[in-house]
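Let's take a walk through a protein model together. Keep the picture open as you read, and find each spot as we come to it.

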Amino acid sequence: TSQSKQMGLQEVIPGLTSARAAEILARDGPNALTPPKSTPEIIKFLKQMVGGFSILLWVGALLCWIAFGIQVAQGVASAFDNLYLGVVLALVVILTGIFAYYQEAKSTNIMASFSKMIPQQALVIRDGEKREVSAEQLVVGDMVEIKGGDRIPADIRLIFAQGCKVDNSSLTGESEPQSRSCDFTHENPLETKNIAFYSTTCLEGTATGMVINTGDQTIIGRIASLASGVGNEKTPIAIEIEHFVHIVAGVAVSIGVLFFIIAVSMKYKVLDSIIFLIGIIVANVPEGLLATVTVSLSLTAKRMAKKNCLVKNLEAVETLGSTSIICSDKTGTLTQNRMTVAHLWFDDQIYSADTSEEQTTQSFDQSSQSWAALSKVVTLCNRAEFKPGQENVPIMKRVVVGDASETALLKFAEVILGDVMGIRKRNRKLAEIPFNSTNKFQLSIHETEDPNDKRFLMVMKGAPERILERCSTIMINGEEQPLDRERAEAFQTAYMELGGLGERVLGFCHLYLPEDEFPDTYPFDTDSMNFPTSNLCFVGLLSMIDPPRSTVPDAVSKCRSAGIKVIMVTGDHPITAKAIAKSVGIISANSETVEDIAKRLNVPVEQVNKEDARAAVINGMELKDMTTEQLDEILINHSEIVFARTSPQQKLIIVEGCQRQDAVVAVTGDGVNDSPALKKADIGIAMGIAGSDAAKNAADMILLDDNFASIVTGVEEGRLIFDNLKKTIAYTLTKNIAELCPFLIYIIASVPLPIGTITILFIDLGTDIIPSVALAYEKAESDIMNRRPRHKKKDRLVNEQLAVYSYLQIGIIQSIGAFLAYFTVYAEQGWLPNTLLGLRVNWEDDYYNDIEDSYGQEWTRYQRTYLQWTGYTAFFVSITIQQVADLIIRKTRRNSIFQQGLLRNKVIWVGIVSQIAIALILSYGLGSVTALNFTPLRVQYWFVAMPYAILIWVYDEIRKLFIRQYPGSWWDKNMYY
Amino acid sequence: MAALNEKKTCSQRMENFKRFVWNPDTGQLMGRTLINWVWISLYYVAFYIVMTGLFSLAIYSLMRTLNPYTPDYQDRLKSPGVTLRPDVYGEGGLEIYYNASDKNSWEKYVTTLHKFLSAYNTTAQHANINCTSEKYFFQKSFLGPNKTKYSCKFTSDMLENCSGLANSTFGFPEGQPCLIIKMNRIINFLPGNGTAPRVSCTAQHDDFSPLELQYYPVNGTFNLHYFPYYGKKAQPTYSNPLVAVKFLNITRNAEVTVVCRVIGTGITSDNPHDPYEGKVEFKMRIQD
């Protein structure tokens, strides 16, 4: 009959004409969500060009060109050096900019490929005939047909529906399928039954409807635009790096300006002073560092992707590590997202069933006859079926046609009995009344598989209290016994207990129809119900729950020891939510809510001291009436919080509440309506499997396996990278002093320049790059999941201790070592240290070609310059050698290197080898290229700074030893970074 | 993160800064209490004293390893540099530009030469011995006064016409100026491999008539007995031998670029980077 109805409908409604549809399409635009406005590529690129240290380097390059201009006008022979230096500095900025841009683009591309969808098709009636068109072509007024499995192509008002159910979870968070009909049932479009929404899924049945909203006008579209309205906040690591850049730039500019003033007041020419200023800037800026940070972050991102955390925004890697509150969804994230039989009650006893992900057997006692009867009811009174062709698939993974509870029962029966479909075939079904909300039961009548037993078996399941009403007996140990008051009370206790666990309980009963009253040929009629439906025999109860993932309790306890608060936010019933929270440890075994305490002490809730309750279960309705202060109070006072029955909009309020506590908040979400909260969160985590595209778009990270435990491994990686970045920065900053001191000594003591600007760039962008990346591979020093998350305002990436220790201690030792090499080279070539002092003006005089050295020999300008380059090379080599020691000591901040193991991080050794190899190549391979200012160095000069390298190592070991020995002491406070 | 993004007003920033400089609640000056400052300063003073000590020790032992007479290496002094006197530089390098009839224009050259040659008068050279041998003057042991080695005399009169003794204007007013070529000292350097190195000057562009030159001492040679040089400590009174060149036929009112090379085995003058290695180049223009 439905067929004819539909045919009729089609005749009545011919749909739009193609011409009219085209007109409306032209007016309204295609039926697609406008993608969030992305920054134009060129802006992104330019941002990289001026971000970080770039401005400082641009200033340096500009000063170079100014100096070049002046010198050319004055006819100075070496003017072109400045031009080249300016070009090199500009190149450095541009290349690092391109590199950073490329890295960003690469991680964005991963996302782009991820979110790409197959174009959706829709079945539309136009010009009186059905045709398939791309969903983008739909316009308001179109008639579309949908069937089970389809995604709804637009907001649709239904004019015909048969058994239509939709999954609105992505929109409203309700995980229950919603039935849809043509009836207008509510003023609120979100509540009324006759509207189906864009991007939700039709689970079963068929429907025809008229498109009422398309594209951005749809409910989803409006939420999506709301999400893009929530601004992108700066990530914690971005703030840290900015802070670091400020420190370094501050040091560079103030030293630069200070020495510019000193130079000018020492009667240096302004032009010379400008050139000094350039040198100081170049020496102070760790040119390669930001690129290194990017590489380290992307390495971690790769590692995380392997562990199922796909990071969209590189900086989010660290954000996850500093997370202090995780607001997690329940369904799918903490739980397996499938109903599973958790408990059984028969023979007056509760049995637990295995709810793990890979169950193959059930171990409860199955010897009782009652179980045999119960299993028969469970098997037969069930309409769910496996899709064919899945014999080799594990039972738990098979696809089932049917609703969630029936699926759970089917799988449960299949695990225990095997071949459910065969059993059903042998017990042929004669009649059936499907479940409906008025009866609240489901019933079917079967032949029995025992050929000698001619009785029919009637089986029934449904809401336990309704089932019990229809029973007069109860099966105990396979015997039917009268259902007296005592038995009924036992039933009530069991029902309450299972219900209290947040489980959905179903009652099962049966009746063997007497053979004489119901012979073989008896015509069962389900409409008139010509068979008994009371005085049945109660068999048992089964309770189901969406069980927690087995890895979650462990992950939650890890979060707890890591000082991360896990808050559950769910649309589910408070009891279920609380039960799951308890079973995964979000509410720990011995904590109580205010209500629990009230119940235990038998006093009204108001009299309970709220601070006694560690846990709190907040209902969405309560949340609605709360002021901001009240919410803050809850978030501060309770360490274990569950928000139940919350609407997705309330999620945003909760996130904002957490952020007011200065917490770094991670939020998980899958629905479209979660996207504002995901955007608002410091790190939004979308579900890779269950997540909607809108959620994935709004999120910073995508959890490929939807598993909460993956978040925890992500946190671990994030914390590790923060520690390792600290090490990288400490490593990189140290040598800046060794690069800076030469200029200061040069200005003040007027010695020949110990190291050139170009040479400095070779350290910053050559020898130091691979070692600083190698530190990203360093293993954690201790269990980083056993300490509190860093406080985003107090625990800085670059703190005073780090800067001071690197600059004023290790940096100074390095400078001394390098200066020793410098003085050694000059002394052994004829220029003793005392001769060098004050020599600068004559030394740099192009017209002075017979300067006497300490031994009376006379040098031309070029011979001196060549010696100066040898000095550069020796200084460079000494810094490199000492950076090897610096690299080794930076492996740990507290532990001894020997505790950490010298060989555990192989990449460090790659770094050391690369460092030395690059230095060798520069000195011996490119020593003849005059523009690079390197010379082949005598072998022994490589070892001059070696004692200082050893001193650095020993000194740092002593520092760490005292830190370990005297925690909390003056030493610890001042020397631990 | 909302809290972090709140822009602080200027007065708030000032207030925060004041609090950082002096926090009356905790008695902290720039983030530390006074006693804490004392401790940290003491630590750094001690640290730097130790570091300075280590550095001084290293420099001291470096000095101990050095030979006081000769440097350990002469990697950059393979071939001596050559310089010109008078050494007056203009925009394009060494330039001898003057007007023969204008005393002011050449007086500075003459003064420079006189000043330079004052180190070569007999009183200045009296400590040096007369050498007559035409061979290298090797000295194994320190036979000179105060444990030194002897240096050979080079007096300005050896430059004959260019000594500035007979003609105190070095021929400048006549348009036939004397210029002096000096070779840089390098310890233990033996130029010429047994043959005395000599100076040879040529005009770079031979557009004009070939240069007519007169060298002093004869042939423009540096006598071998001035070599090897044993260093400042061994030969405190050593002075470089010189060669004077008298230009006899410089074309008037034209710029002449002259290159003077020292020719001898072991003296190279083809280093593209070093214009003063083994040769000196200069421009001359004499106006009427």
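**Where the two chains meet**

Chain A and chain B bury about 4,700 Å² between them, and carbon and sulfur atoms give 58% of that. Buried area here is the accessible area (1.4 Å probe) that two parts lose on being put together, summed over both. On the side of chain A, A:Tyr847, A:Tyr855 and A:Glu858 lose the most area to chain B, together 15% of what that side buries.

Before going on, a word on what you're looking at: this is a predicted model, where local features need pLDDT of at least 70 and side-chain atom pairs count only at pLDDT 80 or more, while totals for chains, interfaces and linings use all residues. Residues are numbered from 1 along each chain as its sequence is written, chains are lettered from A and ligands numbered from 1 in the order in which they are written, and side-chain values use heavy atoms, with hydrogens and water left out.

How many residues does each chain bring to the contact? Chain A gives 57 residues and chain B gives 53 residues, with contact meaning heavy atoms within 4.5 Å. Across this interface there are 6 salt bridges (a side-chain nitrogen of Lys or Arg within 4 Å of a carboxyl oxygen of Asp or Glu). You can look up a salt bridge between the side chains of B:Arg185 and A:Glu852, at 2.6 Å from N to O.

Which elements of chain A give two or more residues to the side that touches chain B? Among them are helix H8 (236–265), helix H28 (800–828) and helix H31 (861–889); helices (H or I, at least four residues) and strands (E, at least two) are DSSP runs, numbered from the N terminus. H28(A) brings the largest share, 13 residues.

**A link within chain A**

Over all chains, the whole structure has 49 salt bridges. In chain A, the side chains of A:Lys330 and A:Asp572 meet in a salt bridge at 2.9 Å, N to O. This pair links distant parts of the chain, 242 residues apart: A:Lys330 sits in the loop between strands S9 (325–328) and S10 (340–346), and A:Asp572 in the loop between strand S21 (565–569) and helix H18 (574–584).

Most residues other than glycine have a negative phi, and most peptide bonds are trans. Now turn to chain B, where the peptide bond from B:Arg85 to B:Pro86 is cis, with omega near 0°. B:Pro86 is in the loop between strand S4 (82–85) and strand S5 (89–90) of chain B. The bond from B:Tyr216 to B:Pro217 is cis too, with omega near -10°, and B:Pro217 lies in the loop between strand S9 (213–216) and strand S10 (242–247) of chain B. Back in chain A, A:Asn933 is not a glycine, yet has a positive phi of about 65°. Look for A:Asn933 in the loop between helix H33 (906–925) and H34 of chain A.
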